[in-house]
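Please open the structure in a viewer and follow the stops below in order. Each stop names a selection and then describes what is found there.

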Amino acid sequence: MNSKVTRLALLPLAIIAIGAASGCGEAGGGGEAGDGSSLTIYSGRDEEYVGPLIERFKQQNPGSEVEVRYGDSAELAATIREEGEKTPAGVFFSQDAGALGALQEAKLLKELPSSILDRVPSAFRSAQGDWVGTSGRVRVLGYDSRALAPSELPKSVFDLTEPRWKGKVGWAPANASFQSFVTAMRLSEGEAKTKEWLEQMKANGTRSYEKNGIIRDAIADGEIEVGLINHYYILEAIKEGEADGDTYPVKLHFFPDGDVGTLINVAGVGIPEASKQQKAAEQFASFLLADPQQRYFAKETGEYPLVKGIAQDPSLPPLSSIKQPQLDLSDLSDLQGTQELLQETGVL
Amino acid sequence: MATSANRLPVTGGFALRGVSPLTLLAAGLVAAVCAVPIVYLFIVIVGEPAAAWQAIWRQGTLRLLLRSLALALAVGFTATLLAVPLAWLTGRSDLPWRRGWTVLAVLPLVIPSYIGAYLFVSAFGPRGELQKLLGVEQLPSIYGFSGAWIVLTLFTFPLVLLPVRAAMRRLDPALEDAAHGMGRSQFEVARSVILPQLTPAIGAGALLVSLYALSDFGAVSILRFESFTQVIYQSYRSSFDRTGAAALAGLLVLVLLLLLTVESRVRRRRSYHRVGPGSARKTADVPLGRWRWPAVGFCAAVALISFVLPVAMLIFWSVQSVAGEVDWGQVATAAGNSLLLAGLAAVVAAIAALPVAWLGARAPGRLSRVVDLLTTSGYALPGIVVALAIVFVGIRLVPILYQSLPMTVLAMVIVCLPLAITATRSAVIQIPPRLEEAARGSGRSQLAVMATVGIPLTRAGMLAGAALVFVAAIKELPVVVLLSPIGFDTLPLVIWQQSSRSFFESGAIPALVLLMVTAPGIWLLVGRQR
């Protein structure tokens with residue numbers, strides 16, 4: 001009987017010991033050295049989209065050990081912050097500029113070399129040089145081309161409050177991209193005007209959906225005429241074979257003249273101040289901004305390449321033709337006020 | 001015997017009434033490990049007290065806290081209303097197919113509440129299946145408080161059912177017979193004899209349910225109930241305000257303290273063990289008579305809503321998505337990892353719970369309340385707070401274990417431990433302290449007493465606790481995302497990845513696999529009972 005207890009008591013010790021041994025192995029393999037031989041990536045971007053790119057990076061650096069922790073961008077940013085000096089993250093690959101902006105504000109990112117920063121236009125990188133955008137997405141108005149001619153489309157996102165659009169607009173208030181857009185509106189147009197817009201949109205019977213993709217399908221089903229979404233959702237539907245590009249009823253409308261409705265947000269990378277893998281991290285950032293990978297974004301994820309001279313998907317207007325609102329993307333980290341506003345107006 | 005029931009002879013000189021120093025030491029060690037989240041909150045708040053105050057004094061904090069507390073209490077209440085009759089029917093009556101109903105009544109536990117919430121919205125929400133079926137323009141909104149209330153009740157009530165059913169089955173029929181013999185009516189017996197004996201089980205179960213509702217994030221956000229936990233998540237996710245989040249989480253600790261105090265009042269100062277010689281007879285089943293079929297109808301209705309329908313929807317979606325690509329290799333690896341992680345967490349938690357349960361049962365008082373607070377905090381705080389706390393403390397204290405399997409297991413134990421403690425403690429309070437006295441009086445060491453008396457008599461409770469931890473740990477997501485070894489995919493992680501990239505429906509197959517691998521845990525809980 002006594003031995004049974006001893007055995008029971010020893011079990012957790014044994015587990016910890018085994019784990020410690022395996023933990024040692026990992027620490028030895030992943031944590032060491034700035035010789036470019038290993039890299040730990042914290043990725044807020046989905047494995048489906050960036051997994052193939054990371055495979056390619058491994059192939060190009062055969063001796064290196066590359067590991068990826070996938071998660072939510074903001075939660076990974078919070079983790080890097082809690083880890084502080086000891087962070088195992090060599091590089092942070094974020095889904096949006098906001099999470100990178102937050103780490104920059106906490107002074108937890110290293111300044112990137114100009115050879116990396118200069119690959120993209122200044123609007124798509126940190127003003128301080130702490131992070132760089134790697135691909136872009138544009139907020140657009142998806143519309144039902146069977147119901148609407150291009151000439152009937154609104155000139156500004158503010159026109160969607162008109163009676164013409166009553167009950168015909170879809171949005172996704174809980175979606176992060178939508179909230180970034182509202183944040184941009186607060187920054188560029190002011191709190192009062194944004195609040196008024198939200199209230200009028202709500203009064204105009206704007207329909208709430210869970211996600212961008214569902215808005216797209218609701219337009220395709222004729223349930224609504226227009227919806228506020230990211231541009232690549234249309235390409236995704238066409239690519240998944242639901243329709244070919246010409247017959248798919250949902251088309252994209254880019255609000256003209258720098259309207260805040262066409263916010264361009266980016267996914268990007270930053271190197272933690274405490275990164276022990278700076279060389280490999282810089283290699284990874286350069287890799288993402290090299291021509292073949294920029295073409296990958298254009299072709300495989302339907303996003304906008306940010307490096308000059310790389311063409312976007314042929315069905316999209318070039319990035320240079322889209323006039324974007326005047327904004328520092330790092331400032332989009334201020335989402336708190338946006339969510340309070342969405343709740344105050346009863347939109348969320 | 002000359003010694004009184006609650007004073008045990010102890011050789012070492014130092015003892016807290018009925019508890020040996022070794023038990024005390026072990027309980028202290030467990031509490032110290034479980035204190036990680038509270039220590040972290042303290043460090044963060046003290047680091048920037050001004051920002052913390054600012055977050056707390058913001059408009060609406062109190063209102064939000066009260067809303068969340070109201071949800072927690074409402075869910076605890078309705079879960080009890082649902083669970084007690086079910087426990088009686090499956091535990092004490094001659095209900096037909098009783099064993100089958102018992103298993104069905106516990107199975108909702110295997111459905112993660114975030115999946116349950118999503119299924120609920122797809123069925124009853126705007127543009128949902130019911131609306132299509134009825135062909136109506138609009139249904140009453142299921143979002144907000146009522147939706148969260150219903151969903152959380154449906155997928156947590158077995159946490160009340162299990163301890164209450166166990167307690168009912170352990171009741172000593174001699175007490176009821178005596179009451180009947182004194183001419184009391186059936187109702188009076190139920191009120192004055194049975195109910196008081198069930199109070200600790202109900203209190204413990206309702207507390208677990210309420211704390212779950214308080215800390216839940218997934219279900220309430222899908223159901224768009226603006227809860228306190230959601231605000232904490234938003235503080236991290238959208239304003240990157242760790243101090244504000246920590247301050248709000250600190251308030252949750254105070255709420256936890258309040259709820260624990262209420263619960264321990266219910267449990268304290270009563271004895272629940274048999275005093276006379278011999279052991280209790282088995283209880284006899286109460287005949288239902290003409291209530292037989294209505295009772296079956298009640299059990300069937302609960303099973304239909306809380307388990308059969310959700311599973312049917314998952315199967316429907318799975319069949320639809322088979323046409324797409326399912327990475328079966330990834331799902332299989334994830335299933336293996338999930339089983340390993342949840343299994344280890346269950347074993348470690350069952351052992352860690354033993355001294356804490358012993359302390360709580362034998363020496364309820366200020367010390368055991370502090371231990372309770374510390375060991376419950378990981379369960380009651382939002383997952384993201386606990387995960388970041390373990391990140392913060394883990395990487396500084398034991399960097400060598402950081403993001404390794406043992407640390408993930410430990411994190412799971414911190415999150416799930418109260419489930420094991422509650423189950424074990426309810427077994428301990430029914431052991432007469434005289435048994436330990438007798439064992440110790442015969443000159444055995446403390447370890448030997450634990451081995452010959454403690455563990456054998458609490459084995460059923462420990463096993464139930466381990467099973468509950470297994471079922472809870474296998475569903476856990478935030479801790480795994482941030483703390484697991486890189487590349488260590490679990491089923492909830494796969495469900496999250498698949499459903500976040502496009503539609504929830506594409507996560508149906510891993511979700512179904514999750515339900516299937518969790519089934520053995522349910523078998524451990526109830527399958528072996530008659």
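## The nonpolar core

This is a predicted model. Begin with its largest nonpolar core, which has 262 residues. Within this core, the residues with the most contacts are B:Ala345, B:Ala349, B:Cys416 and B:Val469.

Next, select residues 328-362 of chain B, which form helix H16. This helix provides the largest share of the core, 20 residues.

Then select B:Ala349. Which residues is B:Ala349 in contact with, leaving aside its neighbours within four places in sequence? They are B:Val413, B:Cys416, B:Leu417, B:Ala420, B:Gly465, B:Ala466 and B:Val469.

## From the core to chain A

Now turn to chain A, where domain 1 (35-136 + 265-321) and domain 2 (137-264 + 325-344) both give residues to this core. The core lies between these two domains because both of them contribute to it.

To the contact between them, domain 1 of chain A brings 20 residues and domain 2 of chain A brings 20 residues.

## The side of domain 1 that touches domain 2

Select helix H4 (97-105) and strand S9 (264-270) of chain A. Each supplies at least two residues of the side of domain 1 of chain A that touches domain 2 of chain A. H4(A) gives the most to this side, with six residues.

Finally, colour this side of domain 1 of chain A by residue class: seven residues are nonpolar, nine are polar and four are charged.

How values were computed:
Residues are numbered from 1 along each chain as its sequence is written. Chains are lettered from A and ligands numbered from 1 in the order in which they are written. This is a predicted model: local features need pLDDT of at least 70, side-chain atom pairs count only at pLDDT 80 or more; totals for chains, interfaces and linings use all residues. Two residues are in contact if their C-beta atoms, placed from the backbone, lie within 7 Å. Helices (H or I, at least four residues) and strands (E, at least two) are DSSP runs, numbered from the N terminus. Ala, Val, Leu, Ile, Met, Phe, Trp, Tyr, Cys and Pro count as nonpolar, Asp, Glu, Lys and Arg as charged, and the others, Gly among them, as polar. A nonpolar core is a set of buried Ala, Val, Leu, Ile, Met, Phe, Trp, Tyr and Cys residues joined through C-beta atoms within 7 Å. A residue is buried if 20 or more other C-beta atoms lie within 10 Å of its own, exposed if 12 or fewer, and partly exposed in between; C-beta atoms are placed from the backbone. Domain bounds come from an automatic or database domain assignment.
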